[in-house]
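Colleague: I have a model open and some time to go through it. Can you walk me through the backbone and the strands?

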Amino acid sequence: MSRKNSGRISGRGAGQALVEVAIIFPLFLIVVFGVMQLGHIATVTIIVNHATFEVARIGAIASEGFAAGKEASCANAAINVVKMVSVARQIMEKWPGKLVEPIYYQKVKTLMDPEAQRPNCDLVVKLQYQMPLVFPFVNVMMAQPPNGGHDPEVGMFRLITGEARMPLEVPIWY
């Protein structure tokens with residue numbers, strides 16, 4: 001086909017451009033939405049890690065029930081789980097999604113404290129959060145099992161996990 005003097009492409013060339021755009025445009029959207037979803041996942045991961053750190057800090061500070069003497073063991077430490085859950089809910093309530101409960105925690109013995117002549121004890125906290133995937137096309141690729149990454153309350157989700165370790169605060173006079 002020849003060009004006219006007006007510089008317009010004939011009908012066949014215009015149709016070819018439309019087909020090329022129809023093929024490339026969905027791929028372009030998938031890339032754009034994928035980048036946006038990854039940014040959203042990174043933001044929520046930072047928030048979950050911060051919340052886990054704060055929950056572990058509150059749990060370590062609010063612990064009580066240590067026995068006096070050289071064997072101030074982890075077994076005697078009472079962790080205030082109600083306060084930990086309350087703090088986690090306060091931090092995460094501003095974000096869409098669902099905090100997975102219960103909050104997992106474990107008391108772990110660590111190295112000996114040479115000054116007090118007893119083992120130290122750490123609180124290890126694990127927080128899980130179901131982050132909804134909001135961008136079309138890529139939510140299926142970025143969803144995570146269990147249940148195929150779908151929850152009736154949240155929709156398609158990615159499970160974000162944070163873990164923090166804090167030393168339990170034991171008064172020096174014990």
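Modeller: Start with F137, which sits in the loop between β2 (118-132) and α3 (139-142). Bear in mind that this is a predicted model.

Colleague: What is phi of F137 near?

Modeller: Phi of F137 is near 75 degrees, a positive value in a residue other than glycine. Most residues other than glycine have a negative phi.

Colleague: Which peptide bond is cis?

Modeller: The bond from E101 to P102 is cis, and its omega is near 5 degrees. Most peptide bonds are trans. P102 belongs to strand β1, which covers residues 98-113.

Colleague: OK, on to the sheet. What order do the strands have?

Modeller: The order is β1-β2-β4-β3, in an open sheet of four strands with antiparallel pairing. The edge strands are β1 and β3, since each pairs on one side only.

Colleague: How many bridges join β1 to β2?

Modeller: There are 11 bridges between β1 and β2, and these strands run antiparallel. Q106 has V124 in β2 as its bridge partner.

Colleague: And how many join β2 to β4?

Modeller: Again 11 bridges, with β2 and β4 (residues 155-167) running antiparallel. K126 is opposite E163 of β4.

Colleague: What about β3 and β4, how many bridges there?

Modeller: Two bridges, in the antiparallel sense, where β3 is residues 150-151. A hairpin through three residues connects β3 to β4.

Colleague: Which residue stands opposite G155?

Modeller: That is D151, and D151 is part of strand β3.

Colleague: Is D151 buried or exposed?

Modeller: D151 counts as buried because its relative accessibility is 11%, and the cut-off for buried is under 20%.

Colleague: What does the side chain of D151 reach?

Modeller: The D151 side chain reaches the backbone nitrogen of E153, at 3.0 Å.

Colleague: And which residues does D151 touch, leaving out those up to four places away in sequence?

Modeller: D151 touches K98, Q130 and F157 on that count.

Colleague: Last topic, helices. Where does α2 lie?

Modeller: Helix α2, residues 81-92, lies across β1 and β2. The helix runs at about 125 degrees to β1.

Note on methods:
Residues are numbered from 1 along each chain as its sequence is written. This is a predicted model: local features need pLDDT of at least 70, side-chain atom pairs count only at pLDDT 80 or more; totals for chains, interfaces and linings use all residues. Side-chain values use heavy atoms; hydrogens and water are left out. Two strands pair if DSSP finds at least two bridges between them. Buried means under 20% relative accessible area, exposed over 50%, partly exposed in between (1.4 Å probe, protein chains only). A polar contact is a pair of N or O atoms within 3.5 Å; within protein, one must be able to donate a hydrogen and the other to accept it, and residues adjacent in sequence count only if both atoms are side-chain atoms. Contact means heavy atoms within 4.5 Å. Axes are lines fitted to C-alpha atoms, for helices over the stretch in contact, and angles run from 0 to 180 degrees between N-to-C directions.
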